[in-house]
Amino acid sequence: MATLKAVRGTRDLLPPETALWNRIEATARDVFARYNFGEIRTPIIEDTSLFSRSVGEETDIVSKEMFTWQDRGRLRSDHAQSLTLRPENTAGVVRAYVEHKLGDAGQLQKFYYIGPQFRRERPMKGRYRQFSQIGAEVIGPPHAGSESPLRDAEVLEMLATLLDELGINGWTLELNSVGSAADRARYNETLRQALIPVAPKMCEDCQRRAVTNPLRVLDCKVPEDQPIIDTLPKIADSLDDDSKSHFAAVTAALDAAGVPYTRNHRLVRGLDYYTRTTFEFTHGGLGAQNALLGGGRYDGLSEAIGGPKAPGIGFAMGEDRLVLTLQALEAAKPEKADAYIAPLGETVNAAALALARELRRGGLTVELGDGSFRLKKSFDAADRTARRIIIMGEDEVASGILTVKDFSTGIQTKVPRAELAGVLKTPGGK
Ligand code: AMP
(Lines give C-alpha, C1' and ligand atoms only; values in the text may rest on other atoms or scores of the structure.)
Protein backbone atom coordinates (compact mmCIF):
# COMPACT_ATOMS: atom_id res chain seq x y z
CA MET A 1 0.00 0.00 0.00
CA ALA A 2 1.31 3.48 -0.82
CA THR A 3 2.33 5.35 2.31
CA LEU A 4 0.20 8.35 3.15
CA LYS A 5 1.82 11.75 3.28
CA ALA A 6 0.78 15.21 4.40
CA VAL A 7 -1.17 16.91 1.61
CA ARG A 8 0.85 19.04 -0.85
CA GLY A 9 1.60 22.46 0.61
CA THR A 10 0.83 21.37 4.19
CA ARG A 11 3.33 20.10 6.73
CA ASP A 12 3.75 18.74 10.20
CA LEU A 13 5.41 21.00 12.72
CA LEU A 14 7.54 18.93 15.02
CA PRO A 15 9.48 19.58 18.20
CA PRO A 16 11.86 21.22 18.84
CA GLU A 17 10.67 23.68 16.13
CA THR A 18 7.24 23.93 17.76
CA ALA A 19 8.93 25.47 20.81
CA LEU A 20 9.92 28.37 18.54
CA TRP A 21 6.33 28.68 17.29
CA ASN A 22 5.12 28.81 20.87
CA ARG A 23 7.71 31.41 21.81
CA ILE A 24 6.67 33.60 18.87
CA GLU A 25 3.01 33.30 19.85
CA ALA A 26 3.74 34.04 23.51
CA THR A 27 5.74 37.15 22.59
CA ALA A 28 2.99 38.31 20.23
CA ARG A 29 0.29 37.79 22.89
CA ASP A 30 2.39 39.71 25.39
CA VAL A 31 2.94 42.67 23.06
CA PHE A 32 -0.72 42.74 21.96
CA ALA A 33 -1.82 42.75 25.60
CA ARG A 34 0.37 45.78 26.35
CA TYR A 35 -1.31 47.65 23.47
CA ASN A 36 -4.69 46.57 24.88
CA PHE A 37 -5.73 44.21 22.05
CA GLY A 38 -8.01 41.25 22.86
CA GLU A 39 -8.00 37.90 21.10
CA ILE A 40 -10.68 37.00 18.56
CA ARG A 41 -11.16 33.47 17.16
CA THR A 42 -13.32 33.27 14.06
CA PRO A 43 -14.31 30.07 12.18
CA ILE A 44 -11.97 28.56 9.61
CA ILE A 45 -14.93 27.99 7.28
CA GLU A 46 -16.80 31.02 5.92
CA ASP A 47 -19.38 31.71 3.25
CA THR A 48 -17.47 32.12 -0.03
CA SER A 49 -19.16 35.44 -0.81
CA LEU A 50 -17.47 36.98 2.25
CA PHE A 51 -14.16 36.80 0.40
CA SER A 52 -15.42 37.70 -3.07
CA ARG A 53 -17.06 40.82 -1.61
CA SER A 54 -14.11 41.92 0.53
CA VAL A 55 -10.81 40.59 -0.83
CA GLY A 56 -12.15 41.08 -4.37
CA GLU A 57 -13.12 38.87 -7.33
CA GLU A 58 -10.17 39.86 -9.48
CA THR A 59 -7.47 39.18 -6.88
CA ASP A 60 -5.26 36.10 -7.19
CA ILE A 61 -6.59 34.87 -3.85
CA VAL A 62 -10.24 34.80 -4.88
CA SER A 63 -9.82 34.05 -8.58
CA LYS A 64 -7.54 31.05 -8.22
CA GLU A 65 -6.33 30.21 -4.73
CA MET A 66 -9.32 29.46 -2.52
CA PHE A 67 -10.32 26.01 -1.29
CA THR A 68 -14.03 26.21 -2.05
CA TRP A 69 -16.76 23.60 -2.22
CA GLN A 70 -20.52 23.35 -2.48
CA ASP A 71 -21.90 22.14 0.82
CA ARG A 72 -25.18 20.37 0.30
CA GLY A 73 -26.44 20.05 3.83
CA ARG A 74 -28.03 16.77 5.02
CA LEU A 75 -31.60 17.18 3.82
CA ARG A 76 -32.81 17.22 0.23
CA SER A 77 -34.47 20.54 0.93
CA ASP A 78 -31.23 22.14 2.19
CA HIS A 79 -29.84 24.74 -0.16
CA ALA A 80 -26.32 24.14 -1.37
CA GLN A 81 -24.05 26.79 0.07
CA SER A 82 -20.64 27.70 -1.26
CA LEU A 83 -18.11 27.45 1.57
CA THR A 84 -14.42 28.36 1.68
CA LEU A 85 -11.50 27.66 3.96
CA ARG A 86 -10.49 31.16 4.97
CA PRO A 87 -7.55 32.46 2.90
CA GLU A 88 -7.04 35.38 5.32
CA ASN A 89 -8.66 36.56 8.54
CA THR A 90 -9.48 40.26 8.19
CA ALA A 91 -12.72 39.55 6.33
CA GLY A 92 -13.81 37.12 9.09
CA VAL A 93 -12.99 39.64 11.82
CA VAL A 94 -14.97 42.39 10.09
CA ARG A 95 -17.86 39.96 9.50
CA ALA A 96 -17.85 39.19 13.24
CA TYR A 97 -17.71 42.94 14.03
CA VAL A 98 -20.78 43.51 11.87
CA GLU A 99 -22.64 40.35 12.99
CA HIS A 100 -22.25 41.13 16.69
CA LYS A 101 -22.95 44.86 16.19
CA LEU A 102 -19.71 45.69 17.96
CA GLY A 103 -19.81 49.20 16.54
CA ASP A 104 -22.80 49.98 18.79
CA ALA A 105 -20.42 50.24 21.75
CA GLY A 106 -19.09 53.43 20.16
CA GLN A 107 -15.51 52.43 21.00
CA LEU A 108 -12.55 51.33 18.97
CA GLN A 109 -12.41 47.53 18.84
CA LYS A 110 -8.89 46.11 18.97
CA PHE A 111 -8.53 42.44 18.07
CA TYR A 112 -5.70 40.05 17.42
CA TYR A 113 -5.82 36.53 16.02
CA ILE A 114 -3.43 33.62 15.55
CA GLY A 115 -4.41 30.77 13.27
CA PRO A 116 -4.22 28.79 10.03
CA GLN A 117 -5.13 30.21 6.61
CA PHE A 118 -5.46 28.32 3.32
CA ARG A 119 -4.47 29.29 -0.23
CA ARG A 120 -3.93 26.99 -3.18
CA GLU A 121 -0.58 28.52 -4.14
CA ARG A 122 2.40 26.85 -5.75
CA PRO A 123 4.26 25.58 -2.67
CA MET A 124 7.87 26.61 -2.11
CA LYS A 125 10.07 27.57 0.81
CA GLY A 126 8.13 30.17 2.81
CA ARG A 127 4.94 29.61 0.78
CA TYR A 128 2.49 26.92 1.82
CA ARG A 129 -1.14 26.00 1.20
CA GLN A 130 -1.81 25.89 4.93
CA PHE A 131 0.10 28.60 6.74
CA SER A 132 -0.39 30.49 9.96
CA GLN A 133 -0.97 34.19 10.35
CA ILE A 134 -0.70 36.39 13.41
CA GLY A 135 -2.70 39.52 12.82
CA ALA A 136 -4.45 42.43 14.46
CA GLU A 137 -7.24 44.83 13.55
CA VAL A 138 -8.34 48.21 14.91
CA ILE A 139 -11.87 49.03 13.80
CA GLY A 140 -14.71 51.22 14.94
CA PRO A 141 -17.17 53.95 14.02
CA PRO A 142 -15.58 57.18 12.76
CA HIS A 143 -16.57 59.10 15.93
CA ALA A 144 -14.41 56.67 17.94
CA GLY A 145 -11.37 57.93 16.05
CA SER A 146 -10.99 54.95 13.73
CA GLU A 147 -9.94 57.12 10.77
CA SER A 148 -7.18 58.89 12.65
CA PRO A 149 -3.67 58.59 11.17
CA LEU A 150 -2.50 58.10 14.75
CA ARG A 151 -4.08 54.63 14.66
CA ASP A 152 -2.02 53.74 11.57
CA ALA A 153 1.18 54.97 13.19
CA GLU A 154 0.42 53.17 16.46
CA VAL A 155 -0.13 49.84 14.65
CA LEU A 156 3.14 50.30 12.75
CA GLU A 157 5.01 51.22 15.92
CA MET A 158 3.53 48.14 17.64
CA LEU A 159 4.81 45.97 14.78
CA ALA A 160 8.29 47.45 15.04
CA THR A 161 8.24 46.67 18.76
CA LEU A 162 6.96 43.12 18.18
CA LEU A 163 9.62 42.32 15.57
CA ASP A 164 12.32 43.76 17.83
CA GLU A 165 11.10 41.73 20.82
CA LEU A 166 11.02 38.59 18.68
CA GLY A 167 14.69 39.20 17.91
CA ILE A 168 14.10 39.81 14.19
CA ASN A 169 16.84 42.31 13.39
CA GLY A 170 17.21 43.97 10.03
CA TRP A 171 13.59 44.39 8.97
CA THR A 172 12.48 47.08 6.52
CA LEU A 173 9.13 48.86 6.70
CA GLU A 174 7.83 49.74 3.23
CA LEU A 175 5.01 52.25 3.26
CA ASN A 176 2.63 53.73 0.72
CA SER A 177 -0.80 55.26 0.40
CA VAL A 178 -3.35 53.95 -2.11
CA GLY A 179 -5.69 56.85 -1.25
CA SER A 180 -9.44 56.87 -0.81
CA ALA A 181 -11.80 54.78 -2.93
CA ALA A 182 -12.24 57.83 -5.19
CA ASP A 183 -8.46 58.36 -5.48
CA ARG A 184 -8.03 54.72 -6.41
CA ALA A 185 -10.76 54.88 -9.02
CA ARG A 186 -9.08 57.95 -10.53
CA TYR A 187 -5.66 56.29 -10.46
CA ASN A 188 -7.09 53.09 -11.95
CA GLU A 189 -8.36 55.14 -14.89
CA THR A 190 -5.02 56.98 -15.27
CA LEU A 191 -3.23 53.63 -15.23
CA ARG A 192 -5.69 52.07 -17.67
CA GLN A 193 -4.95 54.86 -20.15
CA ALA A 194 -1.20 54.63 -19.58
CA LEU A 195 -1.28 50.87 -20.08
CA ILE A 196 -3.06 50.91 -23.45
CA PRO A 197 0.11 51.46 -25.53
CA VAL A 198 2.43 49.27 -23.40
CA ALA A 199 0.25 46.33 -22.27
CA PRO A 200 0.75 44.29 -25.47
CA LYS A 201 4.47 44.11 -24.60
CA MET A 202 3.74 42.78 -21.11
CA CYS A 203 3.06 39.32 -19.64
CA GLU A 204 -0.30 37.62 -20.12
CA ASP A 205 -1.46 38.37 -16.58
CA CYS A 206 -0.69 42.07 -17.01
CA GLN A 207 -2.52 42.17 -20.34
CA ARG A 208 -5.61 40.89 -18.57
CA ARG A 209 -5.13 43.12 -15.52
CA ALA A 210 -4.62 46.18 -17.74
CA VAL A 211 -8.29 45.80 -18.64
CA THR A 212 -9.90 44.28 -15.54
CA ASN A 213 -7.91 45.78 -12.65
CA PRO A 214 -4.97 47.95 -13.71
CA LEU A 215 -3.75 48.50 -10.12
CA ARG A 216 -2.75 44.83 -9.94
CA VAL A 217 -0.18 45.39 -12.71
CA LEU A 218 2.01 46.99 -10.01
CA ASP A 219 2.22 43.58 -8.23
CA CYS A 220 3.74 41.91 -11.30
CA LYS A 221 7.02 40.14 -10.56
CA VAL A 222 7.93 39.20 -14.17
CA PRO A 223 11.45 40.67 -14.71
CA GLU A 224 10.86 41.80 -18.32
CA ASP A 225 7.85 43.88 -17.25
CA GLN A 226 9.68 45.83 -14.56
CA PRO A 227 11.18 48.60 -16.76
CA ILE A 228 7.73 49.21 -18.24
CA ILE A 229 6.08 49.38 -14.82
CA ASP A 230 8.71 51.88 -13.64
CA THR A 231 7.52 54.34 -16.30
CA LEU A 232 3.83 54.17 -15.27
CA PRO A 233 2.22 57.07 -13.34
CA LYS A 234 2.53 56.89 -9.54
CA ILE A 235 -0.47 56.70 -7.24
CA ALA A 236 1.01 59.50 -5.09
CA ASP A 237 0.09 61.93 -7.90
CA SER A 238 -3.57 60.86 -7.80
CA LEU A 239 -4.16 61.38 -4.08
CA ASP A 240 -6.56 64.09 -2.96
CA ASP A 241 -5.62 66.58 -0.22
CA ASP A 242 -7.21 64.53 2.58
CA SER A 243 -5.31 61.37 1.63
CA LYS A 244 -2.08 63.35 1.29
CA SER A 245 -2.45 64.94 4.72
CA HIS A 246 -3.42 61.57 6.25
CA PHE A 247 -0.24 60.04 4.89
CA ALA A 248 1.85 63.02 6.04
CA ALA A 249 0.42 62.66 9.56
CA VAL A 250 1.26 58.93 9.63
CA THR A 251 4.87 59.54 8.62
CA ALA A 252 5.22 62.49 11.04
CA ALA A 253 4.10 60.26 13.94
CA LEU A 254 6.49 57.49 12.84
CA ASP A 255 9.32 60.02 12.68
CA ALA A 256 8.48 61.25 16.18
CA ALA A 257 8.46 57.68 17.53
CA GLY A 258 11.70 56.85 15.75
CA VAL A 259 10.29 54.07 13.54
CA PRO A 260 12.22 53.96 10.23
CA TYR A 261 10.41 53.35 6.91
CA THR A 262 10.90 53.70 3.17
CA ARG A 263 8.24 54.76 0.68
CA ASN A 264 7.43 52.16 -1.96
CA HIS A 265 5.21 53.68 -4.66
CA ARG A 266 4.30 50.28 -6.06
CA LEU A 267 3.01 48.84 -2.82
CA VAL A 268 -0.69 48.44 -3.61
CA ARG A 269 -1.08 45.01 -1.97
CA GLY A 270 -2.92 42.00 -3.34
CA LEU A 271 -6.29 42.59 -1.71
CA ASP A 272 -8.92 44.98 -3.01
CA TYR A 273 -10.15 46.33 0.30
CA TYR A 274 -7.21 48.58 1.14
CA THR A 275 -7.55 52.37 1.30
CA ARG A 276 -4.96 54.99 2.20
CA THR A 277 -2.08 53.49 4.21
CA THR A 278 -0.62 50.21 2.93
CA PHE A 279 2.55 48.61 4.26
CA GLU A 280 4.79 45.57 4.30
CA PHE A 281 7.65 44.58 6.54
CA THR A 282 10.27 42.67 4.59
CA HIS A 283 13.41 40.81 5.58
CA GLY A 284 16.47 40.04 3.46
CA GLY A 285 16.92 36.59 5.04
CA LEU A 286 13.76 35.26 3.39
CA GLY A 287 14.83 35.15 -0.28
CA ALA A 288 12.07 35.39 -2.90
CA GLN A 289 9.22 35.24 -0.35
CA ASN A 290 10.64 38.24 1.50
CA ALA A 291 7.42 39.68 2.98
CA LEU A 292 7.18 39.06 6.71
CA LEU A 293 3.84 40.76 6.97
CA GLY A 294 1.48 43.04 5.16
CA GLY A 295 -1.40 45.25 6.01
CA GLY A 296 -3.16 48.53 5.62
CA ARG A 297 -6.26 50.58 6.12
CA TYR A 298 -9.65 49.32 4.91
CA ASP A 299 -12.11 52.14 5.39
CA GLY A 300 -14.85 50.70 3.15
CA LEU A 301 -14.62 47.01 4.03
CA SER A 302 -17.45 46.86 6.54
CA GLU A 303 -19.87 48.48 4.06
CA ALA A 304 -18.70 46.10 1.32
CA ILE A 305 -20.05 43.20 3.35
CA GLY A 306 -23.26 44.95 4.33
CA GLY A 307 -22.16 46.52 7.63
CA PRO A 308 -22.14 50.09 8.96
CA LYS A 309 -19.37 52.56 8.25
CA ALA A 310 -16.44 51.20 10.25
CA PRO A 311 -13.00 52.32 9.12
CA GLY A 312 -10.13 50.19 10.29
CA ILE A 313 -6.50 49.23 9.92
CA GLY A 314 -4.77 45.92 10.41
CA PHE A 315 -2.05 43.53 9.34
CA ALA A 316 -1.27 39.85 9.00
CA MET A 317 2.15 38.41 9.57
CA GLY A 318 3.25 35.05 8.20
CA GLU A 319 4.16 33.00 11.25
CA ASP A 320 5.92 30.42 9.05
CA ARG A 321 8.15 33.22 7.77
CA LEU A 322 8.90 34.53 11.25
CA VAL A 323 10.11 31.03 12.12
CA LEU A 324 12.28 30.84 8.98
CA THR A 325 13.76 34.27 9.68
CA LEU A 326 14.59 33.45 13.28
CA GLN A 327 16.15 30.16 12.22
CA ALA A 328 18.25 31.99 9.62
CA LEU A 329 19.35 34.49 12.27
CA GLU A 330 20.31 31.59 14.51
CA ALA A 331 18.41 33.26 17.31
CA ALA A 332 16.53 30.01 17.73
CA LYS A 333 18.74 27.41 19.34
CA PRO A 334 16.45 24.83 20.96
CA GLU A 335 16.54 24.98 24.74
CA LYS A 336 18.00 21.96 26.49
CA ALA A 337 16.40 20.40 29.56
CA ASP A 338 17.86 21.36 32.96
CA ALA A 339 18.77 17.79 33.80
CA TYR A 340 18.67 14.19 32.66
CA ILE A 341 18.17 11.60 35.41
CA ALA A 342 20.05 8.36 34.69
CA PRO A 343 18.90 5.51 36.95
CA LEU A 344 21.60 2.84 37.27
CA GLY A 345 19.63 -0.38 37.06
CA GLU A 346 15.92 -1.00 36.78
CA THR A 347 15.53 -1.27 40.56
CA VAL A 348 16.19 2.47 40.74
CA ASN A 349 13.58 3.42 38.10
CA ALA A 350 10.81 4.06 40.61
CA ALA A 351 13.02 6.26 42.82
CA ALA A 352 14.15 8.12 39.68
CA LEU A 353 10.54 8.87 38.74
CA ALA A 354 9.95 10.20 42.27
CA LEU A 355 12.98 12.51 41.94
CA ALA A 356 11.86 13.65 38.47
CA ARG A 357 8.41 14.47 39.88
CA GLU A 358 9.92 16.51 42.70
CA LEU A 359 12.17 18.51 40.37
CA ARG A 360 9.51 19.04 37.68
CA ARG A 361 7.04 20.27 40.31
CA GLY A 362 9.75 22.68 41.37
CA GLY A 363 9.70 24.18 37.87
CA LEU A 364 12.66 22.39 36.32
CA THR A 365 12.65 20.71 32.91
CA VAL A 366 13.73 17.13 33.44
CA GLU A 367 14.31 14.21 31.10
CA LEU A 368 14.02 10.77 32.65
CA GLY A 369 16.20 7.90 31.39
CA ASP A 370 15.75 4.21 32.03
CA GLY A 371 17.65 1.82 34.31
CA SER A 372 18.06 -0.74 31.53
CA PHE A 373 20.44 1.62 29.69
CA ARG A 374 24.19 1.16 30.00
CA LEU A 375 25.93 4.23 31.48
CA LYS A 376 27.44 5.18 28.10
CA LYS A 377 24.00 5.17 26.47
CA SER A 378 22.60 7.34 29.28
CA PHE A 379 25.48 9.80 28.88
CA ASP A 380 24.93 10.04 25.11
CA ALA A 381 21.19 10.59 25.52
CA ALA A 382 21.76 13.12 28.32
CA ASP A 383 24.34 15.10 26.34
CA ARG A 384 21.90 15.46 23.44
CA THR A 385 18.92 16.61 25.48
CA ALA A 386 20.04 18.20 28.75
CA ARG A 387 22.62 20.49 30.28
CA ARG A 388 23.43 18.11 33.12
CA ILE A 389 23.17 14.44 34.02
CA ILE A 390 22.14 13.19 37.47
CA ILE A 391 23.44 9.72 38.19
CA MET A 392 21.24 7.75 40.52
CA GLY A 393 22.34 4.27 41.66
CA GLU A 394 21.26 2.35 44.75
CA ASP A 395 24.07 4.01 46.77
CA GLU A 396 22.79 7.44 45.82
CA VAL A 397 19.24 6.50 46.78
CA ALA A 398 20.44 5.22 50.15
CA SER A 399 22.76 8.15 50.95
CA GLY A 400 20.58 10.89 49.43
CA ILE A 401 23.71 12.30 47.76
CA LEU A 402 23.57 12.43 43.96
CA THR A 403 26.29 12.69 41.35
CA VAL A 404 25.72 15.62 38.97
CA LYS A 405 27.81 16.29 35.87
CA ASP A 406 27.55 19.64 34.09
CA PHE A 407 28.18 19.17 30.36
CA SER A 408 29.22 22.77 29.72
CA THR A 409 32.03 22.72 32.30
CA GLY A 410 32.72 18.96 32.40
CA ILE A 411 32.75 19.18 36.22
CA GLN A 412 31.20 16.35 38.27
CA THR A 413 30.04 17.03 41.84
CA LYS A 414 28.21 15.29 44.70
CA VAL A 415 25.03 17.14 45.65
CA PRO A 416 22.71 16.40 48.61
CA ARG A 417 19.16 15.86 47.38
CA ALA A 418 17.85 18.86 49.34
CA GLU A 419 20.24 21.16 47.44
CA LEU A 420 19.66 19.61 44.03
CA ALA A 421 16.93 21.94 42.78
CA GLY A 422 18.98 25.00 43.76
CA VAL A 423 22.04 23.71 41.92
CA LEU A 424 20.05 22.88 38.80
CA LYS A 425 18.51 26.35 38.74
CA THR A 426 21.88 28.13 38.52
CA PRO A 427 22.47 28.85 34.83
CA GLY A 428 26.08 27.71 34.56
CA GLY A 429 25.74 24.79 36.96
CA LYS A 430 27.99 24.33 39.96
P1 AMP B 1 -1.48 38.73 2.84
O2 AMP B 1 -2.66 38.19 3.62
O3 AMP B 1 -1.41 38.19 1.45
O4 AMP B 1 -1.35 40.20 2.95
O5 AMP B 1 -0.20 38.11 3.55
C6 AMP B 1 0.27 38.55 4.78
C7 AMP B 1 1.47 37.74 5.16
O8 AMP B 1 1.10 36.37 5.29
C9 AMP B 1 2.57 37.72 4.10
O10 AMP B 1 3.42 38.82 4.27
C11 AMP B 1 3.28 36.41 4.41
O12 AMP B 1 4.21 36.58 5.45
C13 AMP B 1 2.15 35.53 4.89
N14 AMP B 1 1.69 34.64 3.81
C15 AMP B 1 0.80 34.90 2.82
N16 AMP B 1 0.62 33.84 2.03
C17 AMP B 1 1.42 32.86 2.52
C18 AMP B 1 1.67 31.49 2.16
N19 AMP B 1 1.05 30.91 1.12
N20 AMP B 1 2.56 30.80 2.90
C21 AMP B 1 3.18 31.36 3.97
N22 AMP B 1 2.97 32.62 4.36
C23 AMP B 1 2.10 33.38 3.66
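Which residues does glycine 103 touch, not counting residues up to four places away in sequence?

1. Glycine 103 touches Tyr97 and Pro141 once residues up to four places away in sequence are set aside. The model under review is predicted, and that applies to every point below.

2. As for its setting, glycine 103 sits in the loop that runs between helix H4 (90-99) and strand S5 (109-118). Its relative accessibility is 17%. Buried means under 20% relative accessible area, so glycine 103 counts as buried.

3. A separate point on glycine 103 concerns proline 308, which is 205 residues apart from it along the chain. The C-alpha atoms of the two residues are separated by 8.0 Å.

4. Glutamine 133 belongs to strand S6 (residues 130-139). With a relative accessible area of 8%, glutamine 133 is buried. Leaving aside neighbours within four places in sequence, its contacts include Glu88 and Asn89, as well as Tyr113, Ile114, Gly115, Gln117 and Arg119. Ala316, Met317 and Glu319 are also in contact with glutamine 133.

5. Five strands form an open sheet with mixed pairing, in the order S13-S12-S14-S15-S16. Strand S13 (366-368) and S16 stand at the edges; each has a single partner strand, so one side of each is left without a neighbour in the sheet. From one strand to the next, the twist averages 25 degrees.

6. Leucine 402 has valine 415 in S16 as its bridge partner. The hairpin of S15 and S16 has five residues between the strands, and glycine 410 in this hairpin takes a positive phi near 75 degrees.

7. Two helices lie across strands of this sheet. Helix H13 (residues 375-385) lies across S12, S13, strand S14 (388-392) and S15, and runs at about 165 degrees to S12. Helix H15 (residues 417-425) lies across S12, S14, S15 and S16, and its direction is at about 125 degrees to S16.

Conventions
Residues numbered from 1 in each chain as written. Predicted model: local features only at pLDDT ≥ 70, side-chain atom pairs only at ≥ 80, totals over all residues. Heavy atoms only, no water. Helix = DSSP H or I, 4+ residues; strand = E, 2+ residues; numbered from the N terminus. Buried < 20%, exposed > 50% of the residue type's maximum accessible area, 1.4 Å probe, protein only. Contact = heavy atoms within 4.5 Å. Pairing = 2+ DSSP bridges. Axes fitted to C-alpha atoms, helices over the stretch in contact; angles between N-to-C directions.
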